[in-house]
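Please keep the sequence and the three-dimensional view at hand while reading.

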Amino acid sequence: MRRTGSGHAALAALALLLVAMPAWADIEFYQTVDRTEVGTEDLFQLTVVVVDPPDNARVQFPAPEDFEVLSSSQSTQSSIAMSGNGPPVIQTVRKHVLMMRANRTGNLTIPPAVLTAGGRTWRTEPIKMTVRKGHVGGSAQAQRQRMPDPFRNFPGFGGMQDPFADEEEEEDPGRRMQEDIRIPRGDSDLFLRATLDKKQVYVGEQVTLSLYIYSRVDLSSVDAVTMPKLDGFWSEDVESPTQLSGEQRVVNGIPYRTYLLRRRALFPVKSGTLAVTPAEADITTGFLFAGHRVHRVSNALEVEVKPLPPGGPKGMPSAHVGDWKLSLDVSQTQVELGQPVTVRVILEGSGNVKNVTPPRLEAPAAFKVYDPTTTDKVTPNKWKIQGRRVQEYLVMPQRTGTFTLPALEFPYFNPKTGRYEVSRTDPVEISVEPGAGGVASSGPAATPSQMADAASEQKNVLTAGGLRPLRYQARFEEPAAAVWQRPFFVPAVLTPVGLMMVLGLAGLVRGRLSNQDEGSRNRQRAKAARKRLAEAEKLRGGSSSAFYGEVEKAVLNFLEARLHAPVGGLTRDALEAKLAEAGVDAARRQRVRFVLEACDAGRFAPGAEPAARERILDDAAAVMEGWDK
């Protein structure tokens with residue numbers, strides 16, 4: 001019997017069949033977690049690894065009811081290893097990373113992951129988890145267990161660094177926040193988060209509050225932002241963006257787009273634990289007609305406020321905390337008598353600019369110092385409030401000489417150094433010289449020769465028309481009758497007496513009539529006084545110098561008419577003495593002085609308000625009314 005075929009052919013066919021079979025026997029499929037003990041507020045990482053997966057392989061991740069999947073990502077890596085003289089070996093590793101959180105406490109189990117390919121199924125081992133309430137402690141990256149090395153079976157690749165190990169995110173100093181970012185349950189795709197740059201400050205020290213949106217969805221608009229209630233704080237806006245501008249940030253391994261809504265500087269005004277209530281906002285997601293409006297509430301915060309340390313200046317306000325510099329600026333150090341000097345007290349630095357109080361200017365008695373005007377310039381940067389507060393004084397010299405403005409001091413507490421400090425200015429010397437037309441600047445006295453020439457000139461004027469000699473011609477007449485014997489004597493004597501009686505009677509009648517109509521006369525005098533101010537009233541909207549000059553002229557002219565003496569060249573003290581001598585009551589003298597000093601300030605001090613001009617007109621009219629009361 002003849003044998004067909006051979007054993008060699010059968011062996012070759014078997015080898016071809018083995019080559020054509022898929023390499024399913026080399027598949028590795030497993031899952032691991034970075035830690036097996038977590039809290040209900042902690043995130044942990046589940047990693048599912050497939051080594052050499054077939055092209056049509058599909059992985060079904062575990063979906064347990066006791067856990068929540070917050071995010072998932074996938075990565076693939078291939079490597080080539082040479083083994084002796086054989087062909088190169090190619091290995092592919094596919095890694096799936098899931099960020100998860102437990103929904104309840106207890107001993108829970110993560111079910112196996114499932115891999116299907118070519119009608120076959122692979123399953124991983126389940127994982128036992130211990131879940132406690134709250135935070136267990138430690139970050140996921142710090143406590144992560146090292147996964148099995150997928151290349152441990154390749155010579156020369158053992159112990160290789162994991163290329164998928166998460167790199168530590170570099171901290172941005174400008175976004176350093178003391179509050180931990182916790183992803184709220186149920187709103188993990190879109191939530192509000194409020195943060196503070198400090199948890200512990202001194203009274204008056206700035207702490208910065210920032211309100212962010214964390215989003216993994218597209219945003220359309222943000223409406224109706226309600227900032228927290230800030231009881232116990234003085235607050236100032238630092239940054240309020242008008243447009244949504246996001247930046248990428250990773251929170252517990254989950255990428256988010258963050259949007260700054262508000263940033264405020266808070267200055268605590270009392271010590272203790274102060275609460276910052278949650279903020280709220282209405283946010284629209286999506287675009288155009290597909291938008292969806294949601295309401296989100298942020299987290300609440302607390303600040304531990306320490307009192308200022310002992311040893312500080314008595315009565316120092318709590319706003320005097322920060323880093324400050326005091327300076328003094330004088331418009332001129334040499335001035336003529338009657339000309340104003342502008343003195344600016346400047347306090348600049350970082351802190352509560354709008355509540356800080358510069359020291360008051362102290363001047364010698366030779367200067368009249370008017371109330372200052374205060375201006376603020378706040379220049380906030382990204383995280384703190386800084387700027388300057390300026391108090392501008394108008395100083396009027398009252399006499400000539402050299403005078404010194406004393407040095408000023410501003411004590412404050414510097415939280416950076418933790419001690420009290422003082423900023424000082426240097427004293428300023430001001431020289432007041434006589435002005436043009438003043439007593440000290442009048443011409444020299446006349447010499448005796450000049451006085452003799454003036455007398456001679458006057459004599460020439462008297463004799464210019466010639467002097468006539470005195471002539472007397474005597475005429476003799478008979479003696480006349482005595483004066484009392486003449487007929488006109490009695491009427492001449494009685495007529496003045498009668499006239500005096502008539503005038504007295506007329507005065508009595510007039511006085512009675514005057515008393516009956518005193519109210520009418522007072523009204524007429526008030527009307528006349530307002531009429532004299534008509535010119536000043538027309539200049540009310542014009543320049544300050546013209547308006548206040550016209551008011552001062554009207555008041556001085558009225559006083560001259562009432563006192564029957566010129567008052568234009570008198571000082572304020574001399575005028576007040578003149579009024580007191582005339583019997584003017586103290587209240588009216590004080591009102592006259594106020595109106596005249598207000599006119600001086602209005603002519604030289606800038607920025608008079610319309611309401612101030614109206615008040616000066618009323619006070620000037622009040623000076624002129626009721627003079628005889």
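Which helix supplies the largest share of the lining of the largest cavity? The section on the cavity gives the answer.

## Basis of the report

The model is predicted, so local features need pLDDT of at least 70 and side-chain atom pairs count only at pLDDT 80 or more, while totals for chains, interfaces and linings use all residues. Residues are numbered from 1 along each chain as its sequence is written, and side-chain values use heavy atoms, with hydrogens and water left out.

## Overall composition

The protein has nine helices and 31 strands. Both kinds of element are DSSP runs numbered from the N terminus, helices being H or I with at least four residues and strands being E with at least two. Of the 629 residues, 35% count as buried. Buried means under 20% relative accessible area, exposed means over 50%, and partly exposed lies in between, for a 1.4 Å probe and protein chains only.

Among contacts between residues at least 6 apart in sequence, 71% join residues at least 24 apart; a contact means heavy atoms within 4.5 Å.

## The cavity

A search of the whole structure finds one cavity of 30 Å³ or more. A cavity is a set of points, on a 1 Å grid over the protein atoms alone, where a 1.4 Å probe fits but cannot get out, and its lining residues have an atom within 4 Å of a point. Grid points are joined across faces, edges and corners, and the volume is the space filled by probe spheres set on the points.

The largest cavity holds about 50 Å³ of space. Its lining consists of Arg572, Leu575, Glu576, Leu579, Arg589, Val592 and Arg593.

Leaving out residues up to four places away in sequence, Cys599 touches Tyr548, Val551, Glu552 and Ile616. Cys599 and Tyr548 are 51 residues apart in sequence, yet their C-alpha atoms are 4.9 Å apart in space.

Three strands form an open sheet of mixed pairing, in the order 23-31-28. Strand 23 (334-336) and strand 28 (401-405) each have a single partner strand, so one side of each is left without a neighbour in the sheet. The twist averages 30° from one strand to the next, where axes are lines fitted to C-alpha atoms and angles run from 0 to 180 degrees between N-to-C directions.

Two strands pair if DSSP finds at least two bridges between them. Strand 23 runs parallel to strand 31 (residues 428-433), with three bridges joining them, and Gln334 stands opposite Ser431. Strand 28 and strand 31 pair in the antiparallel sense over five bridges; here Gly401 has Val432 as its bridge partner. In a regular strand the side chains alternate between the two faces of the sheet. Strand 31 has a covered face of Val428, Ile430 and Val432, and an uncovered face of Glu429, Ser431 and Glu433.

## Nonpolar cores

A nonpolar core is a set of buried Ala, Val, Leu, Ile, Met, Phe, Trp, Tyr and Cys residues joined through side-chain atoms within 4.5 Å. The largest one has 28 residues, and those with the most contacts inside it are Trp324, Val330, Val341, Val343, Val395, Phe410 and Ile430. Among the elements that give two or more residues to this core are strand 22 (322-330), strand 24 (341-351), strand 29 (409-414) and strand 31. A second, separate core of 26 residues includes Ala194, Met227, Leu230 and Leu301.

## Two further residues

Pro309 is placed in the loop between strand 21 (301-306) and strand 22. Its relative accessible area of 24% makes Pro309 partly exposed. Beyond residues up to four places away in sequence, Pro309 touches Tyr202, Phe413 and Tyr420.

Ala224 lies in strand 14 (residues 219-226). Most residues other than glycine have a negative phi. The phi of Ala224, however, is positive, near 50°.

Notes. On a 1 Å grid over the protein atoms alone, a cavity is a set of points where a 1.4 Å probe fits but cannot get out, and a pocket is an open set with protein on both sides within 12 Å along at least five of seven lines; lining residues have an atom within 4 Å of a point.
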